[in-house]
Amino acid sequence: MPTFVYMTRCDGCGHCVDICPSDIMHIDPTHRRAYNIEPEMCWECYSCVKACPQNAIDARGYSDFAPLGHSVRVLREEAKGTISWKIKFRNGTEKNFVSPIRTTPWGSIKAPSDYEAPSQEDFKSQELAHEPEALNIEKLPTLTPGKSTQGAT
Amino acid sequence: MGLFSSRKTVVVDSDVLVIGGGMAGCGATYESRHWGRDLNIVCVEKANIERSGAVAQGLYAINTYMGMQWNENQPEDHVRYARNDLMGLVREDLGYDIARHVDSCVHKFEEWGLPMMRDPETGQYQREGKWQIMIHGESYKPIVAEAATKAASKVYNRIMVTHLLMDKTKPNRVAGAVGFNVRTGDFYVFRATAVIVCAGGASHIYKPRATGEGMGRTWYAPWSSASAYALPILVGAKMTQMENRIVLTRFKDGYGPVGAYFLHLKTYTQNAYGEEYESKWYDHTKELVGDYVDRHPVPTCLRNHALLEEVKAGRGPIRMVTKEAFQDPHKETVGWENFLGMTIGQAVVWASQNIDPKHTNPELTTSEPYVMGSHATCSGAWASGPEDVAPSEYQWGYNRMMTVDGLFGAGDTIGGAAHKFSSGSFAEGRIAAKAAVNYVNNLGKEQPQVSEAEYEDLKKVVFKPMENYEVGRNEIVAGTVSPSYLLPMHGLQRLEKIMDEYVGGISANYITNEPLLTRGLELLEMLKEDLNHLGAEDLHQLQRAWELQHRVIASESVAQHTMFRKETRWPGYYYRADHPKLDDTDWHCFTLSRYDRESGEWEMEKAPVHHIID
């Protein structure tokens, strides 16, 4: 919040470097451990915190509006399919939440090429892949042509 | 030869090149494979598609779902809703097209493993509002990225695309793109038959409210660097509604979302003295916009407007009344998980400031402006519409093809179609991809050719900031102040200040006028010249340098469009003080621009708004 890395927990594996959408988690060349090189471009998205196998990354609220003494910790468990949060207020209040993250095994999505190839007719229609079946209605909607008007509505 | 002429050039061939692997890009990549079984489909992303784009941190709701299977809404209803919210001006053909395909996308997300919340009584998806459904979406992006990865011939992560390449055999036809690998520094040339731009909209073109460490806590992701606009603008694609920036009413400091609070938790706003205030501004707003104020739901910009006026009248801060709703433990859980699922920063702000909404009604604020094509706003490229419903004036080629041959777009890139959000952006990516595959199949032997001279020239341009730094750094002892180069952050802060003060940012109360815009454009011109002197110490800074380049050209487009539209169409988003009222006689139209990169001139024109839905 921005994020920071605990020296004694980080082993320099680079998962955070690999995942950070903002390219701000880098490996420090002296310590061979990760750190946030540009906190003012950190969105506090927690992608690095969730990806860290050592739980070495945490966030400290932005200095310009967040008083010290809080924490928002997360544990994302892919095998269990859950994410767990622990919120600690500056005044000590605690709140805990757990949510599901996925209902199917990781890697189980079928590639489009695993489905039947479209026919030549399909290319000319407005239907997309898996339509109309995946719409759960009979057919893809369209409009009656020729009703166009111009001006304020 | 320059210092960096020894850099490796990697040439990649593709039939369909998808630029940007966010929601739109993943949709485009997936759909390209369905229709192009034997085609070479390449997706290129500046971060890592598992956590890239606006959905990187997750979402707690899918904001566009018709529910046609349960007869909840029809696509026409969504067009009416978006048109109403945007004060009459949307591309109805594009919006209709997205709305009719969005349900099949959402059903696939569920099949792929996205946890959907369901109404315990009906078994249907849990509605947050008329259009929104609630999800446990922490892994929304990794799930969608898995589908795209399986579809692509190859996904190139960590490559920042800087420019599109044009065909050397035929004018106004795209032939690929160039960029650089942020890790290795290799120069990449992507040769492609069709290109689908699915890059991000624009954060950080206006000065954000937080300016220290917290400047990263913009509402839209800081990595949304306007590539969606810069790439098409620089090759002469026509753009539309670039003045239609959006301002968000959000929880203070963290910009946590309010949708679930208003719609599902039934919380409401009041001024500092506990009074309802929106109705007080009804007559005043009606003076400005006429009957638009009577429409339901009240357009987003007009609700912003009432809030801004109430604060200007000295009765701020505006608060969200949460204390009642949060006494219900289920609602309290929803309120917190809503943030943890998509704006964790708001939970941090509340924890740090001891704001427990069960006991304190939290403050709201209005954000700095953003430019995007996917939210309650519709800036972007002018695109051809669907064959079966688009009026002829909106059809010149393949669906979602811009005014450049072979150049397609989706998501933030395509203008005129508001209220796409995550699912609609994915749907639009799919729509564009089917059309792009048709384009590739129909092209036959007339394949586009890239010019080696063109990309070799671009290679020098792309790496110039590193050369500037290498040379200029020797002039000074240490530190960040150099007489010969600007660092990307310096340029970014100059841009944000210009846009803020001259083009209607927060410090100007979102107000601008022709003299301000004229001066703003002069300052932007000087900034553009100074961009030739950007200095980048390393590859990370080089990425920042190119993000800045993209933001600046998009900002110039915003200023030009704002100058052209001589009315105040969306009070609450911005105000033309010299034309303070909505003017349907002259401005019930789209604004279009085309940038000429040789002359640096912008050609502006109007395009009619055709209504195809009653």
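## A walk through chains A and B

In chain B, four strands make an open sheet in the order β14-β9-β18-β19, with antiparallel pairing. Strands β14 (380–381) and β19 (601–608) of chain B are at the edges, each with a single partner strand, so one side of each has no neighbour in the sheet. Helices (H or I, at least four residues) and strands (E, at least two) are DSSP runs, numbered from the N terminus. Two strands pair if DSSP finds at least two bridges between them. Strands of a sheet pair through backbone hydrogen bonds, either parallel or antiparallel.

This is a predicted model, in which local features need pLDDT of at least 70 and side-chain atom pairs count only at pLDDT 80 or more, while totals for chains, interfaces and linings use all residues. Residues are numbered from 1 along each chain as its sequence is written, and chains are lettered from A and ligands numbered from 1 in the order in which they are written.

Within the sheet, strand β18 (residues 589–596) of chain B is joined to β19(B) by eight bridges, and the two run antiparallel. C589(B) has P608(B) in β19(B) as its bridge partner. Helix α15(B) lies across β9 (239–240), β18 and β19 of chain B, at about 135° to β18(B). Axes are lines fitted to C-alpha atoms, for helices over the stretch in contact, and angles run from 0 to 180 degrees between N-to-C directions.

Two packed helices are described by the angle between their axes and the distance between the axes. The axes of helix α5 (residues 227–234) and helix α15 (residues 539–564), both of chain B, come within 8 Å and cross at roughly 75°. The two helices are therefore roughly perpendicular (angles under 35 degrees count as roughly parallel, over 145 as roughly antiparallel, 65 to 115 as roughly perpendicular and the rest as oblique). From α5(B), S227(B), Y229(B), A230(B), I233(B) and L234(B) meet Q549(B), H550(B), I553(B), A554(B) and S557(B) of α15(B). This contact has six nonpolar, four polar and no charged residues. Ala, Val, Leu, Ile, Met, Phe, Trp, Tyr, Cys and Pro count as nonpolar, Asp, Glu, Lys and Arg as charged, and the others, Gly among them, as polar. Residues are in contact if their C-beta atoms, placed from the backbone, lie within 7 Å.

Elsewhere in chain B, helix α2 (residues 75–85) has the buried residues P75(B), H78(B), V79(B), Y81(B), A82(B), R83(B) and D85(B). A residue is buried if 20 or more other C-beta atoms lie within 10 Å of its own, exposed if 12 or fewer, and partly exposed in between, with C-beta atoms placed from the backbone. The cover over these buried residues of α2(B) includes α3 (92–112) and α8 (300–312) of chain B. Just after α2(B), M87(B) takes a positive phi of about 60°.

Chain A contains three helices and eight strands. Its C-alpha atoms fill a box of roughly 65 × 45 × 35 Å along the principal axes. Of its 153 residues, 33% count as buried.

The two chains meet where 71 residues of chain A are in contact with 80 residues of chain B. On the side of chain A, the elements giving two or more residues are α1 (15–19), β6 (82–88), β7 (94–100) and β8 (149–150). That side has 39 nonpolar, 21 polar and 11 charged residues.

One residue of chain A to look at is E40(A), in the loop between β3 (33–36) and α2 (47–51). E40(A) counts as buried because it has 21 C-beta neighbours inside 10 Å. Not counting residues up to four places away in sequence, E40(A) touches E213(B), M215(B) and G216(B).
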